[in-house]
Amino acid sequence: MTARKDWDTYFLDMAYMASTRSQCGRRHVGAVLVQGKKLLGTAYNGAPMGVPDCSEAGCMLVEEYELVQVEDKEEVVKKQRCIRTIHAEQNLLLFTDREDREGSTVYVTDQPCWTCANMLANSGITEIVYHRVYPKDSEKVSLLMNQRNITFRCLADYEPPAGVLSEVTN
Ligand SMILES: [Zn+2]
Ligand SMILES: [Zn+2]
């Protein structure tokens, strides 16, 4: 018999399950809304309904310059990002009710980007639990969560269930 999963593992597993629905070849993100121990919504990153997604139309790439810390120097690095999809966290907000979100927790496979974090901060939720770090926005997102008194936890030791991980290109 295998050990019973704790709640954090259980709900993060569900976020990873949701992420397998994503059709973006660059990033598969899943998110679930949980109140108490009740699952109130699931979402993943994808194009709006009825619109060709990344698997059909290809990713819609934009190039951005990003300031990154390399050892003790700052360097400007050119990066590509897919903007075809609505992020999982934003889809989660579009498909859940404000009432359900009050005091609830979001489990998400990846640390939210700045825009998602900003929206989550105003959504009624009081906790975010994530697995993979997203260093680009990490600092300002952590500060925001602090200011909004939202518990912000990284489950660093978590291991996703077999078969749910996709290749991620940054
Ligand atoms: Zn894409
Ligand atoms: Zn986002």
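**Exercise 1. Which residues does UniProt give for the CMP/dCMP-type deaminase domain, and how far apart are the ends of that span?**

Solution. Start with the record. An unreviewed UniProt entry places the feature "domain: CMP/dCMP-type deaminase" at residues 6–152. Next, turn to the coordinates, which belong to a predicted model. The end C-alpha atoms of residues 6–152 lie 18 Å apart. Finally, read the make-up of the span: 33% helix and 32% strand.

**Exercise 2. Compare the reach of helix 6 with its expected span, then find where helix 6 is kinked.**

Solution. Helix 6 covers residues 135–147, which is 13 residues. At 1.5 Å a residue, 18 Å is expected. From first C-alpha to last, helix 6 reaches 19 Å, close to that value. Now look along the axis. A kink of about 30 degrees is centred on valine 141.

**Exercise 3. Is asparagine 149 buried or exposed, and what is its phi?**

Solution. Locate the residue first. Then count neighbours. Asparagine 149 has 8 other C-beta atoms within 10 Å. Exposed means 12 or fewer, so asparagine 149 is exposed.

**Exercise 4. Where does glutamate 71 lie, and is it buried or exposed?**

Solution. Glutamate 71 lies in the loop between strand 3 (61–70) and strand 4 (73–82). Its phi is near 50 degrees, a positive value in a residue other than glycine. The count for glutamate 71 is 5 other C-beta atoms within 10 Å. With the cut-off at 12 or fewer, glutamate 71 is therefore exposed.

Conventions: Residues are numbered from 1 along each chain as its sequence is written. Chains are lettered from A and ligands numbered from 1 in the order in which they are written. This is a predicted model: local features need pLDDT of at least 70, side-chain atom pairs count only at pLDDT 80 or more; totals for chains, interfaces and linings use all residues. Helices (H or I, at least four residues) and strands (E, at least two) are DSSP runs, numbered from the N terminus. The expected span of a helix is 1.5 Å times one less than its number of residues. The bend at a residue is the angle between axes fitted to the seven residues ending there and the seven starting there. UniProt positions are given in the numbering used here, feature names are shortened, and annotations may be inferred rather than shown by experiment. A residue is buried if 20 or more other C-beta atoms lie within 10 Å of its own, exposed if 12 or fewer, and partly exposed in between; C-beta atoms are placed from the backbone.
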